[in-house]
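Let's take a friendly walk through a protein model. Please have a look at the sequence and the structure first.

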Amino acid sequence: MSEEEGQLEARLEEQEEFEPSEEFVSQANVTDEGIYEEFEEDWPGCWEGAADLLDWYEGYDEVLDDSNPPFYKWFTDGKLNVSDNCLDRHLEERGDEVAIEWVGEPTDEENRTFTYEELHREVNEFAAALRDLGVEEDDVVTMYMPMVPELPVAMLACARIGAPHSVVFAGFSAEALATRMNAADSEFLVTCDGYYRRGDALDHLEKANEGLDGVDHDVEATVVVDRLGDDGHGHDLRDGQHDYAELVADHEGAEVEPVHRDAEDMLFLMYTSGTTGKPKGVKHTTAGYLAWAAWTSQAVLDIKPDDTYWCSADIGWITGHSYIVYGPLALGTTSVMYEGTPDYPERDRLWEIVEEYEVDQLYTAPTAIRAFMKWGKQFPEEHDLSSLRLLGTVGEPINPRAWKWYYQHIGNEECPVVDTWWQTETGGMMVTTLPGIKKMKPGSAGPPLPGLDVRIVDTKGEEVEPGRAGYLTVNKPWPGMLRTLYQNDERFVNEYWAEYSDTDSDDPEDWVYFPEDGAKIDEDGYITVLGRVDDVINVSGHRLGTMEIESAIVGVEGVAEAAVVGGDHEMKGEAVYAYVILEDGYEGDDDMRERIVGGVEDSIGPIARPEAVVFTPELPKTRSGKIMRRLLEQIANDEELGDTTTLRNPEIVEDIQTKVERED
């Protein structure tokens, strides 16, 4: 590192606030800070602006019906179709423009480009095929697919005919597929023969078939996409299974009139983990969800029709639904889809794609950013990233050091970074900066979006003072919110509303949404999310958030990533165990261990001092990239290890276990 670079790093390390550049502000979609006051003065009428981003067959009667909280209704009695809003209405002006740029993992494979006209044609053909297979309005169609373009085609085809979809992440097990099809009473499945991951052609159909064997009702039809071609695993289709390409060819040129759906009709189900272990079927509806996805895409991600925008998430998660498919396509932009991983075949794969497609916005996860840091700045430096206008993070809090690395080495200190907090249940972003207006504070997501009433409270529901940790709550409804849990209104109330609400009241002001996240707020109203409230360690009666400790550890020079869990301790009840990945070129020696312990004590206090610091080249992660902290807790407590089959790197568990035993 040169002396000049070192001075720059030091300056950024000390800086706590960043302003958007004048160049960015001059072209931003939202630049008037008065928007916050406008939304406050005209609530809930302010959301008409989000509804105006959509085309309606019939106008709505009222913006919000809050007569039966927490079962709120948005844009009541309005009629529209999501497929029409994402495709048909763009054809006249943007039919020849690219809707989806699909990039496969194999670099020698030709990528696939879909213009709005081409995507519209294939969606119509597959919608006609689904109808001929027996799919009717309100039937739930399950999709068990990786990042292939036929997935958004299937989603939009279902929306076109009024059939809700339920997408199951391709990395989930066969049992998970069966559980979700059973819970949704789904009689239709769209899947594929396989996909590529790190150079391997994975057999997906075998897993899908195993899942189908666990479905407890008749499955009317299964559609199978041939992704692998000659690299496939030679499966013959079963009775009731149909080849996707043949179905589309049989319906070539078909046109399906979009079904007029009520604003509150279900658009999709998404199953998410629950505290009881039984997945929760989060129900999102047509108008409120699409308006929210489109409005936040425009206001926060600054998406314009002429942009090439890339969200690197998987469509199997809510981020991919809202910010790969529905939000960007509703705005008529070009959305990039990538099948592979960030480091295959080389660690510059993402930057290669950004350069080739001249990507304007990149929306990715802190997990990925920490990996980029660990690999080194030389990989992005090999590519021209000057097309980037905005950067975003999603999925978990990002620590200040990773934020600044992203800002400096990917955004060249010219791109605002939007750090977004939201959930499957919220449908879209809730807490973040508007990039054309608000300054950025690394580590803090930002203020609530305009029109949202987000508060940080104590166990009694009283607002806490700035700087104190508390619990994040949402005190007014918003258009993108889940409407209920599928066929389980009682669980919906108990899971999300019971903690801080008067559940006997008919007054909407007595109902408070609790997402079970801890947070703190500063004097400027900026919210720092500390993690799930169950992600706490009780050390000598002090409840310590794991996210806060992890952030302190990653703030130490040379640390790329950390995971903190609680381990049993005879004196303290629980003690802090830290599992740490170092950047290349740093040694996991006693000096590094002391610096990490010192960093935690300086940031939080001696009470948070780690009992053990375990250096490891990897952390056990699910195929979606989430750290499996349960296994790390079991290692810390010398317990029998649970299931590791859902991990993408199960071999690392034994390696970590050996290191812990050696240190003991």
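Predicted model: local features only at pLDDT ≥ 70, side-chain atom pairs only at ≥ 80, totals over all residues.

Residues are numbered from 1 along each chain as its sequence is written, and side-chain values use heavy atoms, with hydrogens and water left out.

**Two helix pairs**

Helices (H or I, at least four residues) and strands (E, at least two) are DSSP runs numbered from the N terminus. The table gives the crossing angles; axes are lines fitted to C-alpha atoms, for helices over the stretch in contact, and angles run from 0 to 180 degrees between N-to-C directions.

| Pair | Axes come within | Crossing angle |
|---|---|---|
| H7 (residues 116–132) and H8 (residues 150–161) | 8 Å | roughly 65 degrees |
| H19 (residues 546–554) and H20 (residues 590–603) | 8 Å | roughly 125 degrees |

In the contact between H7 and H8 (heavy atoms within 4.5 Å), residues of H7 including Leu119, Phe126 and Leu130 meet residues of H8, among them Val153, Leu156 and Ile161. By class, this contact has 11 nonpolar, 2 polar and 3 charged residues. Here Ala, Val, Leu, Ile, Met, Phe, Trp, Tyr, Cys and Pro count as nonpolar, Asp, Glu, Lys and Arg as charged, and the others, Gly among them, as polar.

In the other pair, Ile549, Ala552 and Ile553 of H19 meet Ile596, Gly599, Val600 and Ser603 of H20. Those residues divide into 5 nonpolar, 2 polar and no charged.

**A pocket and a cavity**

On a 1 Å grid over the protein atoms alone, a cavity is a set of points where a 1.4 Å probe fits but cannot get out, while a pocket is an open set with protein on both sides within 12 Å along at least five of seven lines; lining residues have an atom within 4 Å of a point.

H19 turns up again in the second largest pocket, where it gives the largest share of the lining, 6 residues. Of the 35 lining residues, Pro400, Pro442, Gly443, Thr528 and Ser551 are the closest to the pocket's centre. The lining holds 12 nonpolar, 10 polar and 13 charged residues.

H8 returns too: this helix and strand S14 (266–272) each supply at least two residues of the lining of the largest cavity. Cys158, Arg261 and Met266 are among the residues that line this cavity. Its lining divides into 7 nonpolar, 2 polar and 1 charged.
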